Amino acid sequence: MHTQLPSHPLRVTLLQNDAGADVQANLAWIEHHLPQPDAVDLVALPEVFAFRGDDEEYRSRAEPRDGALARWLAAQAARLRSWILAGSILERDHDRIFNTSLLFDREGHLAAFYRKMHLFEARLENGRVIRERDVYHPGDEPVLASIDGWRCGLSICYDLRFPELYRHYAKLGATVLLIPANFTQRTGRDHWEVLVRARAIENQCFVVAPDQCGRNPQTTCRSHGHSLAVGPWGEVLASVGDEPAALHVTLDPALLRTTRDRVPALAHRRMA
């Protein structure tokens with residue numbers, strides 16, 4: 001399948017924050033580290049960037065998709081004249097709660113939203129079980145959005161472990177895979193960069209992956225950090241460590257052409 005590649009670079013800022021229990025303090029840190037108006041094309045925030053706590057707090061703080069947090073994000077996008085990927089909010093829809101990414105355009109309009117399809121479950125070394133299905137309802141459909149001619153596949157954190165989602169996006173012409181996360185330190189140490197780079201290599205796409213860092217103040221679970229942007233050859237274009245940071249990178253469409261011409265793997269697919 002022929003894919004129309006973007007014609008111009010995409011300037012991206014990834015923010016890696018250490019979200020605590022104080023929503024206003026978390027948003028103040030983010031606002032302080034946002035780029036200047038017209039400086040970038042896309043700002044990407046991590047999963048649950050506005051608040052981290054325990055399951056009961058997540059239930060009580062969930063809000064509608066057009067709630068106060070969404071209005072704050074829309075205002076920031078309009079002020080910056082930049083797209084904003086809100087890695088995820090806790091979305092309440094009647095009696096269900098979703099872990100939902102929101103994508104706002106340069107005018108502050110909600111252009112797309114994606115509800116996390118794969119819900120994380122793991123038993124930590126201390127015996128504690130993390131089980132997102134105790135709070136969230138899973139989403140049921142992939143979402144592909146266009147950002148200034150760049151076709152972007154939306155996903156969240158644990159989705160990273162399910163390559164069929166990203167191959168679906170690649171088959172539909174994706175050139176960027178967006179993977180905001182709150183990856184645990186233990187799993188992140190062994191799997192985070194390996195999986196992010198694998199998704200880029202096998203789909204010959206850029207990957208933008210902002211991650212949380214620091215410790216959840218209620219559960220004490222540490223997040224891995226190490227946000228990164230990866231090119232379609234699997235090369236790390238930019239990365240940070242495990243402290244709060246802003247990361248800037250420009251995605252060059254020429255890298256897509258070079259990679260896909262060098263090894264035309266997407267054209268050689270034999271399975272639907």
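How far is the sulfur of C213 from the closest cysteine sulfur, and in which residue does that closest sulfur sit? The distance is 13 Å and the partner is C221, so the two are too far apart for a bond. Before going on, a word on what you're looking at: this is a predicted model, where local features need pLDDT of at least 70, side-chain atom pairs count only at pLDDT 80 or more, and totals for chains, interfaces and linings use all residues. Residues are numbered from 1 along each chain as its sequence is written, and side-chain values use heavy atoms, with hydrogens and water left out.

Back to the cysteines. A disulfide here is a pair of cysteine sulfur atoms within 2.5 Å, and the structure holds 0 of them. C157 is buried at a relative accessible area of 7%, and C213 is buried at 0%. (Buried means under 20% relative accessible area, exposed means over 50%, and partly exposed is in between, using a 1.4 Å probe and protein chains only.)

Now find helix α4, residues 163-171. In α4, L165, Y166, Y169 and A170 are buried. Look down the helix axis and these buried residues fall within an arc of 140°, so they line one face of α4; the arc is that of the directions from the helix axis to the C-beta atoms. What covers them includes the strands β5 (110-115) and β10 (176-178), as well as helix α5 (185-203). After α4 comes G173, with a positive phi near 95°.

Helix α5 also holds N203, which is buried with a relative accessible area of 0%. Leaving out residues up to four places away in sequence, N203 touches Y166, R167, A170, L177, R260 and L266. Touching, or contact, means heavy atoms within 4.5 Å.

Next, follow strand β8. In a regular strand the side chains alternate between the two faces of the sheet. β8 runs antiparallel to β9, and 4 bridges join them; strands count as paired if DSSP finds at least two bridges between them. Across from L144 stands G153 in β9.

The hairpin of β8 and β9 has 2 residues between the strands, and there D148 takes a positive phi near 50°. Most residues other than glycine have a negative phi. D148 is partly exposed, at 24% relative accessibility. R81 has a positive phi too, near 55°. You'll find R81 in the loop between α3 (68-80) and β3 (83-93), partly exposed at 40%.

Finally, the nonpolar cores: each is a set of buried Ala, Val, Leu, Ile, Met, Phe, Trp, Tyr and Cys residues joined through side-chain atoms within 4.5 Å. The largest has 49 residues, of which L42 and L251 touch the most other members. Apart from it lies another core of 21 residues, including F49, A50, A77 and I84. Setting aside neighbours within four places in sequence, the contacts of L42 include L10, V12, W83, L103, I147 and L178.
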